[in-house]
Amino acid sequence: MRILVTGGAGFIGSALVRHLVGDVGAEVLTVDKLTYAGNLASLKSIENAPNHRFLRADICDVAAMHAAFDEFRPDRVMHLAAESHVDRSITGAGEFVQTNVIGTFNMLEAARRYWDQQTGSAKEDFRFLHVSTDEVYGSLGEDGLFTETTAYDPSSPYSASKAASDHLATAWHRTYGLPVVLSNCSNNYGPYHFPEKLIPLIILNALEGKQLPIYGNGVNVRDWLYVDDHAKALHLIASRGRLGEKYNVGGRNERRNIDVVKRICEIMDRLRPNSAPHAQLIHHVTDRPGHDARYAIDATKLERELGWRAQENFDTGIEKTVRWYLENQWWWEPLRGGVYAGERLGVLEQP
Ligand code: NAD
């Protein structure tokens, strides 16, 4: 099995590539532009694996994508490359439209051209997984869950660009017959998460005795999924998901942001008993415009059809995550000292 993964140097992409290369034993070509969010250090554990290759390229570069398809000859594409940070989309939407909409269009067209040239089992077995987010559905009230039939209602430039890309992927299946399947996942957390995102930001600020910033009153609810559970779900959906269908992915782990932060503080208090109580560092800041109140996923379709179950609950996953950051300073320190401290100083990224 030869799998072309876009965005494989990012947070979820690197978890997926490590899983495909290390556990599944697939031949993988990682295609990544290495924006500030891409980091080859996240693929260090497989750097000598003979079944992994890396190509630094922009998915908006049509010629480079055609060459990648022609040379690698994938059986499958798993498309994750995207601009993914909501706050950045508010201050600079252009990159989001470019990569998420135009880039996805390019990937679909490059895949269609390549697929059209295939015959026999190479044509029949080819699949394109488009990886997306639950944020395309907008915001929930206190009750209810997003299902695969929930109408799209995106709030931010990020989620609007992802919604557009989802529609393109579905249209390429309906119009051209391209064997496409989609996934829409809730908020991920875990190792190798860029340190401006809520959970790593809180862990590292707590470690350094800095303020723990939280948007507004912190009652926004997110449905957290451990990243390795997502990676396994993506492999399953790409392998066995019904073509033209979409699958919601979520771990049934709804938490208010404030409770996530307090939980991290409790773990830090236990692991660093000589520090003052970390919850004293919590600091409320002005809320994000258009901040969705609640996301929650109904993953019944994925569970029933493909037998997927999240293996980590939030308590076990967050403990593993905190410990990982405490033990892997080599990975996050250059990011805290570089991009984050310079370009992003004072800018808060939360889910
Ligand atoms: P990320 O920002 O950590 O990684 C994105 C990767 O894409 C980076 O390695 C970056 O270098 C690469 N990239 C960006 N623009 C590119 C371009 N033009 N060409 C090639 N590579 C490019 O994002 P993530 O959190 O790992 O998310 C991956 C995918 O999963 C995205 O499509 C995102 O919408 C989706 N998703 C994310 C979450 C989440 O909680 N993070 C939840 C559901 C879905």
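This is a predicted model: local features need pLDDT of at least 70, side-chain atom pairs count only at pLDDT 80 or more; totals for chains, interfaces and linings use all residues.
Confidence comes next. The pLDDT averages 93 over the protein, and 96% of the residues score at least 70. A stretch to treat separately is residues 340-351, where the pLDDT is below 50; in the model, this stretch has 20 contacts beyond near neighbours in sequence. For the complex, the predictor gives an ipTM of 0.99 together with a pTM of 0.95.

Back at helix 1, the surroundings can be described in some detail. The helix is mostly covered, with 11 of its 14 residues buried. The buried set consists of Phe11, Ile12, Gly13, Ser14, Ala15, Leu16, Val17, Arg18, His19, Leu20 and Val21. Packing partners of these buried residues include strand 1 (2-6), strand 2 (27-32), strand 3 (52-56) and strand 4 (76-79). Strand 7 (188-189) and helix 8 (227-240) also pack against the buried residues of helix 1. Just after the helix, Gly25 adopts a positive phi of about 80°.

The ligand has 31 residues around it, and the nearest of them are Gly7, Gly10, Lys33, Gly38 and Ala82. Two or more shell residues come from each of helix 1 (11-24), helix 4 (94-117) and strand 5 (127-133). By residue class, the shell holds 13 nonpolar, 13 polar and five charged residues. In the UniProt record, an unreviewed entry, residues 4-321 carry the feature "domain: NAD(P)-binding". In the model this span is 42% helix and 17% strand, and its end C-alpha atoms lie 28 Å apart.

Two buried positions show how parts of the chain meet. Thr133 belongs to strand 5, and it counts as buried because 23 C-beta neighbours fall inside 10 Å, where 20 or more are required. Setting aside residues up to four places away in sequence, Thr133 touches Ser159, Lys162, Asn184 and Cys185. For Thr133 and Asn184, 51 residues apart along the chain, the C-alpha atoms are separated by 4.4 Å. Ile46 is buried because 20 other C-beta atoms lie within 10 Å. With residues up to four places away in sequence again left out, Ile46 touches Arg18, Val21, Gly22 and His52. The C-alpha atoms of Ile46 and Gly22 are separated by 7.2 Å, although these residues are 24 apart along the chain.

Most residues other than glycine have a negative phi. Leu34 is not a glycine, yet has a positive phi of about 55°. Leu34 lies in the loop between strand 2 and strand 3 and is partly exposed, since 14 other C-beta atoms lie within 10 Å. Tyr192, likewise not a glycine, has a positive phi of about 65°. The loop between strand 7 and helix 7 (198-207) holds Tyr192, and this residue is buried, with 24 other C-beta atoms within 10 Å.

Note on methods: Residues are numbered from 1 along each chain as its sequence is written. A residue is near a molecule or strand if its C-beta atom, placed from the backbone, lies within 6 Å of it. Helices (H or I, at least four residues) and strands (E, at least two) are DSSP runs, numbered from the N terminus. Ala, Val, Leu, Ile, Met, Phe, Trp, Tyr, Cys and Pro count as nonpolar, Asp, Glu, Lys and Arg as charged, and the others, Gly among them, as polar. A residue is buried if 20 or more other C-beta atoms lie within 10 Å of its own, exposed if 12 or fewer, and partly exposed in between; C-beta atoms are placed from the backbone. Two residues are in contact if their C-beta atoms, placed from the backbone, lie within 7 Å. pLDDT is the predictor's confidence in each residue, from 0 to 100. UniProt positions are given in the numbering used here, feature names are shortened, and annotations may be inferred rather than shown by experiment.
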